[in-house]
Amino acid sequence: MRKFLLTLVLLVLAFCLMAEEADTPKINFALLNPKEINLELRVYAPMQRVYITADFSVEKDSLPDAVYHSLFLTKDARIEYFLINDKFVPPVYSTKLVPEHFNPVFPYPEMLNEESNLNCFSFYLPNYEGKIKFTLRYSIPIPEWVKESDIRGYVTFSSAQNWYPRNLTGPCKVYARLISSTYYTMELGTQCTIKEKDDIRITEGYFIDSPAEQSIFKIIKG
């Protein structure tokens with residue numbers, strides 16, 4: 001009888017340990033950490049959207065160990081495609097994440113809430129080596145224009161909205177290139193250059209993005 005009770009107790013303890021282990025989040029994710037991002041933007045006024053191509057590269061050896069590597073983007077983004085090394089790759093749409101799923105532990109738990117306006121896109125990268133190039137094509141809606149006169153106005157986009165695939169682990173240099181009619185231009189924290197040819201205006205500049213700070217990007221019309 002004692003052996004039976006002892007065996008029963010050991011089985012109960014084993015099941016408890018298994019349940020505890022099952023409830024412990026497994027580290028399956030890590031953040032992508034580009035040091036530079038290139039953004040090409042085009043304003044499409046009839047649809048009231050900005051079409052964006054984001055390019056960046058990461059060194060495989062610089063990435064934390066994980067099964068998937070992730071980026072966050074506003075839910076307002078309408079995705080056209082992801083490319084890795086110029087090949088179409090469908091991302092994994094990740095939900096119900098907690099900070100402990102990440103290596104290191106994700107420092108912004110509020111971004112993982114289901115109520116947040118962010119999507120987490122993840123990629124399986126074990127078969128890649130060296131420098132990995134990412135290209136993301138998508139569009140975002142243009143918010144209501146703030147009028148300065150009958151013809152002039154502006155809209156702003158905050159980095160806190162994650163309207164581009166930010167580096168959430170450290171500073172990143174973001175190059176922006178707006179291709180538009182001569183009716184539009186952009187404004188950053190640094191001085192931009194403007195070139196015009198055949199009624200096409202190309203405005204270029206850059207800003208330094210930091211996870212702990214907010215960067216403002218402005219498109220001006222008129």
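**An enclosed strand and its partners**

Modeller: Let us begin with strand 8 (residues 118-124): six of its seven residues are buried, so the strand is largely enclosed by the rest of the structure. Buried means under 20% relative accessible area, exposed over 50%, and partly exposed in between (1.4 Å probe, protein chains only). Strands (E, at least two residues) and helices (H or I, at least four) are DSSP runs, numbered from the N terminus. This is a predicted model, in which local features need pLDDT of at least 70 and side-chain atom pairs count only at pLDDT 80 or more, while totals for chains, interfaces and linings use all residues. Residues are numbered from 1 along each chain as its sequence is written, and side-chain values use heavy atoms, with hydrogens and water left out.

Colleague: Which strands pair with strand 8?

Modeller: Two strands pair if DSSP finds at least two bridges between them. Here strand 4 (residues 68-74) pairs with strand 8 in the antiparallel sense over seven bridges, and strand 7 (residues 92-94) does so, also antiparallel, over three bridges. F121 of strand 8 is the bridge partner of L71 and also stands opposite Y93.

Colleague: How is a pair of aromatic rings described?

Modeller: It is described by the distance of the centres and the angle of the planes. Rings of Phe, Tyr and Trp (its six-membered ring) pair if their centres lie within 6.5 Å; planes under 30 degrees apart count as stacked, over 60 as edge-to-face and the rest as tilted. The whole structure holds 21 aromatic pairs. One of them, Y81 with F88, is edge-to-face, at 5.6 Å centre to centre and 80° between the planes. Y81 is partly exposed, at 28% relative accessibility, whereas F88 is exposed, at 65%. Y164 and F207 also form an edge-to-face pair, at 6.1 Å and 75°. Y164 lies in the loop between strand 11 (153-158) and strand 12 (172-181) and F207 in strand 15 (residues 200-209), so this pair ties together parts that are 43 residues apart in sequence. Both Y164 and F207 are buried.

Colleague: Where is confidence lowest, and where is it highest?

Modeller: pLDDT is the predictor's confidence in each residue, from 0 to 100. Its mean is lowest in helix 1 (residues 2-23), at 35, and highest in strand 9 (residues 131-141), at 98. Over residues 1-23 the pLDDT is below 50, and this stretch has zero contacts (heavy atoms within 4.5 Å) beyond near neighbours in sequence. Where pLDDT is low, the predicted coordinates should not be read in detail.
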